Amino acid sequence: VIAVWAFSFFLEKYFGNGTFYKVHLALNLLLAPTGIFFVRALTRVESRFIKFLYAASIVYTVVVWGLSWTSLGQTPFLKGLAFFGPSFLVVVCFYFMFLDLFWPSWGASPVSTARKTWIYIGALVVLLMAAMDHVPAMGEIMPSIGNILLCIYLFVISEAIIHQRLLNL
């Protein structure tokens with residue numbers, strides 16, 4: 001989802017016909033449910049709050065995507081709703097930070113709270129920088145930096161998954 005999301009934005013910048021931007025916004029909406037699903041599988045957290053966020057992100061995606069096919073689809077308000085689809089992931093990061101801060105024993109992870117905090121902060125920075133695609137005032141530089149940071153972050157996470165000791169090092 002992330003790869004096609006970024007590639008559709010690239011194609012929109014290259015061709016500029018608007019078709020690939022619609023694909024990009026649709027995938028932007030899919031980032032939250034996909035990301036929360038991944039986080040649930042990775043962390044094995046099944047709290048009611050995470051389940052609620054997952055369900056809410058799916059409903060949000062379906063409703064906004066459905067409205068995009070109506071006459072409201074081209075309004076700035078609806079585009080704004082599509083831009084903020086990944087905000088559910090920000091809530092998940094803050095929720096995990098809250099759990100680590102006030103209930104350190106919530107997860108059975110060998111990774112220290114300080115190291116997990118760096119993971120969360122990294123995720124928040126990457127989400128913020130990657131969202132700069134939708135802020136025209138940022139020009140071409142910030143979205144490029146955001147996509148580079150996204151690649152680096154995903155590489156570090158994949159290494160942590162494959163070589164489970166990377167974060168301990």
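Phe7 sits in helix H1, where helices are DSSP runs of H or I with at least four residues, strands are runs of E with at least two, and numbering starts from the N terminus. The model is predicted, so to speak of local features takes a pLDDT of at least 70 and side-chain atom pairs count only at pLDDT 80 or more, while totals for chains, interfaces and linings use all residues. Residues are numbered from 1 along each chain as its sequence is written, and side-chain values use heavy atoms, with hydrogens and water left out.

Because its relative accessibility is 48%, Phe7 counts as partly exposed; buried is under 20% relative accessible area, exposed is over 50%, and partly exposed falls in between (1.4 Å probe, protein chains only). The areas are Shrake-Rupley values with a 1.4 Å probe, and for residues only the protein chains shown count as cover.

Leu11 is also part of helix H1, but it counts as buried because its relative accessibility is 15%. Setting aside residues up to four places away in sequence, Leu11 touches Gly16 and Phe20, contact meaning heavy atoms within 4.5 Å.

Glu12 is buried but has no salt bridge, and the nearest side chain of opposite charge, Lys13, is 7.5 Å away. A salt bridge here needs a side-chain nitrogen of Lys or Arg within 4 Å of a carboxyl oxygen of Asp or Glu; Lys and Arg count as positive, Asp and Glu as negative, and His and the chain ends are not counted. What the Glu12 side chain does have is a polar atom 3.0 Å from the backbone nitrogen of Gly18, and one 3.1 Å from the backbone nitrogen of Tyr21. Neighbours within four places aside, the contacts of Glu12 include Asn17, Thr19 and Phe20.

As for the whole protein, it has seven helices and zero strands. Buried residues make up 35% of its 169 residues. Of the contacts with a separation of 6 or more, 62% link residues 24 or more positions apart. The accessible surface is about 10500 Å², 75% of it belonging to carbon and sulfur atoms.

Note on methods. A polar contact is a pair of N or O atoms within 3.5 Å; within protein, one must be able to donate a hydrogen and the other to accept it, and residues adjacent in sequence count only if both atoms are side-chain atoms.
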